[in-house]
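The tour goes stop by stop.

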Amino acid sequence: MASLKSAMDSAFWDLNVSSPHTLEGSAKVIPGDPFPLDGARASRALRIQQLSLLGNGFPLGIIPSYSPASHKDLGSFSLQSLLLRPSTSNWWLGLIGQIRPKKLISSIKAEFFTNDEFEVPTFKDAARHFLDKSLYSVGLCTQFLLTPASSVKLSTEGDGEKKGRRSKLPYHDITLEAAWPELFIDHKGQYWDVPESISLDLSSLVSEQGLRYRVGVHKNSGHPQAVNAVNDEAPTSLMPGLCAKAAFSYEKRRDLWRQKETQNDLMVKTNKGWFWRPSYDVRLKEPHAAVSGIFGGNFAAWFQDGHNSVAVDLRGNGNTSSCTKKRTPVSADFFGSVCYSFQHGKFRELYGDLTRIDARLDIGSASALAKRVFNSFKSSNTSIDPISSPRINLIFQQQVAGPIVFRVDSKVSLASLPGKRGPHIEEFIYSLSYSLRLLQSGKVVAWYSPKRKEGMIELRVFEF
């Protein structure tokens, strides 16, 4: 069933979505934005762990990805590989290397065709292009296992096309994350770098009654810098300041009908005897129709005045533009989601054994929705809050052959666009996955987002 946790998690600063913009393979969702697509949520497996396994299935262990670079001459295509991976029983370290080959190929090609005497370039000329540091990125990550339930992870990465280094320090269980800088992505698909981002969160598991709570403190320092946004203002959630936030939720699920797995499903008789044949994915093993819902509220308090003018770098080239942002010092709101799921097939046969549809209605802010409805009865020219519009997230999955599944995630806004009336599609993601039966619920996913114009290959484990 489509994840209901997005309703609460998107109000905090540590919800990751997949992104090839960093070697860590993820970026943070900006709190207060509409909920992200389920298919965009980042894998729980660390990127270095993914590359360690994915490298076994690719030539020379090189994995491709696609993401527009800040400089167009570098191209959007890149290649990643895990260069080092020493480990012990409670410690491991990994070194990721990335290259963008377009500029290298173009530079060497230019050496041949711009030479009037058609002389073959010398080794020194060719080596000069290979030593161009803007082609390369390097990431280092290490993790220490403190107890079976907690660990400490340190990571840093350097991008040859950018100045500076990106470093992180997360602590699991009670989650402590610090990054210099931290990369965020908004609902328009635009990236923002916050020079310093530190957050501390405590989150409970969902109880048998369906109750869950979460509290956290977050601090931003420095002016947000736009990575790929043009003539746009930075979100207020990324402005400098200290924020304390608390949220609670109650969720409930009910099956309309479900065909339980039986022993006959697991055992298959052939000419050579009985064989064990589990589903390609244990989370997709039972045909069913089900409904679920979540309702909750959140409270936030900012301990720094948000009414002052803040200089925001809009182009990432050092030029700043002053813009006035208003941030409410204290706020409270309600949110909710309702989901319907239908699955045909048990995902065991080679063909035609999985068709699944999930539809989820999201209301990110009850107060913003009420304000929008109230303003609709007046001829008001006030700006519209993006989160005020209810949205429907649709997920369609279809088995192609064996463990291969085609999936489409789409987000439909029920609000009208300027000049257009009625619902419209805001975003969609195509993906093709290969389920790994030995991992019970693991799969290799290749996805592409037309809106963000980027895609990558990931390993996802025990995720819908």
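**Before you start.** This is a predicted model. Residues are numbered from 1 along each chain.

**Stop 1: the largest cavity.** Select Leu23, Glu24, Cys141, Ser155 and Glu157. Of the 21 residues lining the largest cavity, these lie nearest its centre. The space inside comes to about 190 Å³. Eight cavities of 30 Å³ or more are counted in the model.

Now colour the elements around the largest cavity. Which ones each supply at least two residues of its lining? They are β2 (26–29), α2 (47–54), β6 (136–147), β7 (150–159), β8 (165–168) and β10 (182–185). Pick out β7, which gives the most, with four residues. Then colour the lining by class: eight residues are nonpolar, six polar and seven charged.

**Stop 2: the second largest cavity.** The volume of the second largest cavity is about 160 Å³. Select Pro36, Ile185, Asp186, His187 and Glu427, the closest to its centre among 15 lining residues. By class, this second lining has seven nonpolar, two polar and six charged residues.

**Stop 3: β22, β23 and β24.** Select residues 355–363 for β22 and residues 391–401 for β23. These two strands pair in the antiparallel sense over eight bridges.

How many bridges join β23 to β24? There are 10, and these strands also run antiparallel. Show Gln399 next: Val405 in β24 stands opposite it. Now follow the chain from β23 into β24. The two strands form a hairpin with two residues between them. Stop at Gly402 in the turn, where phi is positive, at about 55°.

While the strands are on screen, look at their side chains. In a regular strand, side chains alternate between the two faces of the sheet.

**Stop 4: a nonpolar surface patch.** Switch to a surface view. Select Ile174, Leu176, Trp180, Ile198, Leu200, Leu202, Tyr213, Val215, Phe248, Phe295 and Phe334. Together they make a nonpolar patch of about 960 Å².

Where does the patch come from? β9 (175–180), β12 (196–203) and β13 (211–221) each supply at least two of its residues. β12 has the largest share, three residues. Finish on Ile174, a patch member found in the loop between β8 and β9.

Notes:
Predicted model: local features only at pLDDT ≥ 70, side-chain atom pairs only at ≥ 80, totals over all residues. Heavy atoms only, no water. 1 Å grid on protein atoms, 1.4 Å probe; cavity = no way out; pocket = protein on both sides within 12 Å on 5 of 7 lines; lining within 4 Å. Points joined across faces, edges and corners; volume = space filled by probe spheres on them. Nonpolar A, V, L, I, M, F, W, Y, C, P; charged D, E, K, R; others polar. Pairing = 2+ DSSP bridges. Patch = residues over 30% accessible without salt bridge, like charges linked within 9 Å, V, L, I, M, F, W, Y side chains within 5 Å. Areas by Shrake-Rupley, 256 points an atom, 1.4 Å probe, with all protein chains shown as cover. Salt bridge = Lys/Arg side-chain N within 4 Å of Asp/Glu carboxyl O.
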